[in-house]
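Hi,

Here is the structure I promised to pass along.

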Amino acid sequence: MEKSPLITKKKTRITSLYYLLLALLLSGGACSGPSATPPEPVMPIPHERQLEWQDMEFYAFAHFNMNTFTNREWGMGDEDPALFNPTDFDPSQWAKICREAGMKGIILTAKHHDGFCLWPTETTSHSVKNATWKDGKGDIVREVSEAFRAEGLKFGVYLSPWDRNHPDYGKPEYIDVFRQQLRELLTNYGEIFEVWFDGANGGTGYYGGANEERRVDKKSYYDWATTIDLIRELQPNAVIFGDAGPDVRWVGNEHGFAYETTWSNLMRDSVYGGMPEYAKVYAPGQENGTHWVPAEADVSIRPGWYYHPYEDHKVKSLPQLLDIYYHSIGRNSSLLLNFPIDRRGLIHENDQAQLMKLVHKIREDFSVPLPLDKASITATSTLGKGYEVSAILEEKGRYWAAAEGTIAATIQLEFPDPVRFNRFLVQENIELGQRIKAFDVEIRTEEGSWTPLASGTTVGFKRILRLPDTETTAIRFAITDAKASPTVQHLAFYLAPKLLLPPSITRDKSGMVSLKAPEEGLEIWYTLDGSDPAQQGKRYTEPFPVLDPTAIRVLSKDPGTGEISEVALKALQLARKDWTVLGDGEQSEHLIDEDPTTNYFTDTDRVSIDLGKSYALTGFTYFPMQNRYLSGLITRYAFAVSEDGRQWTQVNEGEFGNIVNSPIEQRVTFPTVTGRYIQLRALDKLDDNPASYAELGVLIGNP
C-alpha cells in the first residue's frame, strides 16, 4: 500500500555517482546492454544533511520557557527565574504524542528573546539553575532530548540570538557568550538535527538593569560565518535554519503556508537574518537561486506561540490544519507545527485532540492509491536505459528522466477500467536539482479528447494537489516548462474521502445567513423549524435571510457516497438589521456587525443601542474581543433598558466568570422586560484600557 506523505518511509537513495558506476559496469559486457549516462545536475543541489532533513517533512516545535509562566509572547528579560515551575513536567508525553502522529522530531526553545535558559548554562544566572522547579537542579533540555530519542525521534534546538536579559547584548562581548551557549547545547545533548535561529534581533530590553533600547547591525554583529563554522565542527549533520539559511530558510509567514511557486533555490548571499524585505522578495525562493536552501513552514496550533489559558478554545480547526498541511508539505516545504506547552509542562489535551484529527484525516486521504501497476505508462521522452518511466512507481532510488535538451515532456497513464481520484502527488529527483517550472494534469474525456484538470508550477521534493472528484480511463502529467530535462522520482494518485464536518454558519448585519462546507464537492442541507436536516432538510444554494430568533440545523453530505456529517445547531438571535449604536464612537458599527473578529472600544466604559422598536427582552450576549493580546475586557457589568433612550432602568448586574482565561461569548438571562434601547456598562475590566466589545446582542421573547 502507498505510504502516506505524512509517514513516508525514507527512500534508499541511489546517487548519480552510483548510476555512473552502474553504467560503466554494464557497458563492460552486461548482456542486457549499457545504461544511459546519468543526467547532469542542475545547480544548486542539496547536501546530504539537507536530503536527510527533507525526508523528515513533519516535526514539532515546542515553545516552553519563561513566557509560559508570565503569559506573554516576548518577555523583557527582567523576569524572576523562580517563576519557572511546571507542576507536572513530562516530556515523554510530548514524545509519545509526536511519535503517534508520525512526526519525526522536535525543536525546543532552549532560550527565547528574554534570555532565560532551559539548561544549567555557565553563561548566566538567568536559567533553570535558579528556578523553583526541582530546586534549581533540573535540566529541561536534557529531559526533552532523552525523551524524544527514547521514542526514536530527533532533537533540535532554538537559540535566540537576541537576549533581552544579558547586560552585554549589543556589545562584542555578548557574541562570546552566545557561542558558548551554542557550544554547551551542541556538545552536551547528543546529536542535533536542526539549529534554529530567529530573525528578531535588537530592541528594548532589561539588559542587566539598563532598561533601554539596543539596536545591532543585523548583517555584521553576529559574525555568522564564524558561528556557522562552530556548528559545522560540533554537529556536522545538523541543518541550520535562518532567513539566509544556510541550510533551511523561513517560509516568510507564520501561518504555515508555502507558495504556489516555491523554489528550494535561494539568492543566499543577498539575504541576512531579520532583513525587512525578506518575506516579500526572498521567501518563495528564486528560480536562479545560487544555493539550495529549502523552505520550512512554521506555524502554531494556536494563535500564540506560547501557552495562554484564554486560547484553550482557539486551537486550530481540522479544516485549518488540513489547509496548512496541503499548503506546506504539499508545496515543497517541510511543516514545523508548534505546541505551546502549558504550565503543567504538557501538551494540552485540546492540542493533542486536534493534532490526531489531522493525522487521521491525512492518513485517510492517502490510504487508497490508484493501482498504477495495472496501468499502461508511457512517456514522450526518456533519457535511455535505466531511466524508464516505470521507475516512478517504485519507492527506491530509481527515477524517470527525459532526454537531455528536453524541457517539455508528458507521462501518460492508460487504465483498463475507469478510475476515480481527487489527490495528485509528484516528486522530482532533487539530488539532481529542482527543474520543473510548470505542469498540467489532464484527463481523457468520454469523447476521447483531453481536458485540463489542474495546473501547477514548481514541484521540488513534493507537490500535492487537491482536485475535484474525477473519473477517467487516462491521465496525463504534462511538464510544459523546465530549467533542464525534467526528472520524476515518484508519481501517484489517490481517492480521499470527503471531510465530513458540519458546515460553518455566518450571518451579516442585514440578517443574510451564509453556509460553507468544509470541502468542495459537498452538499449542504439545513432546516429552520427544528426538524432533522437529514430527513426534512432543504439543500443550500445561496445566502438567505433570517431576521427573528431561529435555531438553524445544518449538515454536510457527500453526494458520491450518500454519507452525511453530524448535525450542527446554531441559535440565531434577533438580527441587527435595524439597530443603531448611539453616540459617535469610532468604528461603532463593529459592535453590531455579527463579525467577532472586529472590535469596538469606548472610553466611557458603556455602550447604548437603539433596537429600532420595542421587544420583550429576556437577556443579552457579550462577545469579548478575540485578539491575541486582550485589552479592555469587561469582567463585571451592569445592563439597563429604556423605552426612550433617556430614562434607564438597570435590570441586571453581575460578573463574567473566567472571561479572561476563556474569552467566549457570555450569555446572561433575566426576567422579561420591555424596552427599545439597551445599555451595557463596564463596572470592572481586565485592565485600565478602554472597554472593548466584539459583539453585543439581545435575547427576546414575544415582542
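First, the ground rules. This is a predicted model, with local features needing pLDDT of at least 70, side-chain atom pairs counting only at pLDDT 80 or more, and totals for chains, interfaces and linings using all residues. Residues are numbered from 1 along each chain as its sequence is written, and side-chain values use heavy atoms, with hydrogens and water left out.

Helices here are DSSP runs of H or I with at least four residues, strands are runs of E with at least two, and both are numbered from the N terminus. Axes are lines fitted to C-alpha atoms, for helices over the stretch in contact, and angles run from 0 to 180 degrees between N-to-C directions.

**α6 and α7**

Helix α6 (residues 172-188) packs on helix α7 (residues 224-234) with the axes 10 Å apart and an angle of about 15 degrees. That makes the two roughly parallel (angles under 35 degrees). The crossing is right-handed, as the near helix is turned clockwise from the far one by less than a right angle. On the α6 side, F178, R179, L182, R183, L186 and T187 are in contact (heavy atoms within 4.5 Å) with α7 residues including W224, L230 and L234.

As for length, α6 has 17 residues and should span 24 Å at 1.5 Å a residue; its end C-alpha atoms are 25 Å apart, which agrees. (The expected span is 1.5 Å times one less than the number of residues.) Among the buried residues of α6 are Y174, I175, F178 and L182, where buried means under 20% relative accessible area with a 1.4 Å probe, protein chains only. The buried residues of α6 pack against β2 (105-111), α5 (140-150), β3 (154-159), β4 (194-196) and α7. Just after α6, G190 has a positive phi of about 75 degrees.

**α4 and α10**

The axes of α4 (residues 91-100) and α10 (residues 349-365) come within 10 Å and cross at roughly 20 degrees, so this pair is roughly parallel too. Here α4 passes α10 in a left-handed crossing. Q93, I97 and E100 of α4 touch Q352, L355, M356, V359 and R363 of α10.

In α10, the buried residues include D351, L355, M356 and D365. The partners of its buried residues are β1 (58-63), α4, α9 (318-328), β12 (333-340), β15 (409-427) and β20 (490-494).

Cheers

Key. Parallel < 35°, antiparallel > 145°, perpendicular 65-115°, else oblique. Buried < 20%, exposed > 50% of the residue type's maximum accessible area, 1.4 Å probe, protein only.
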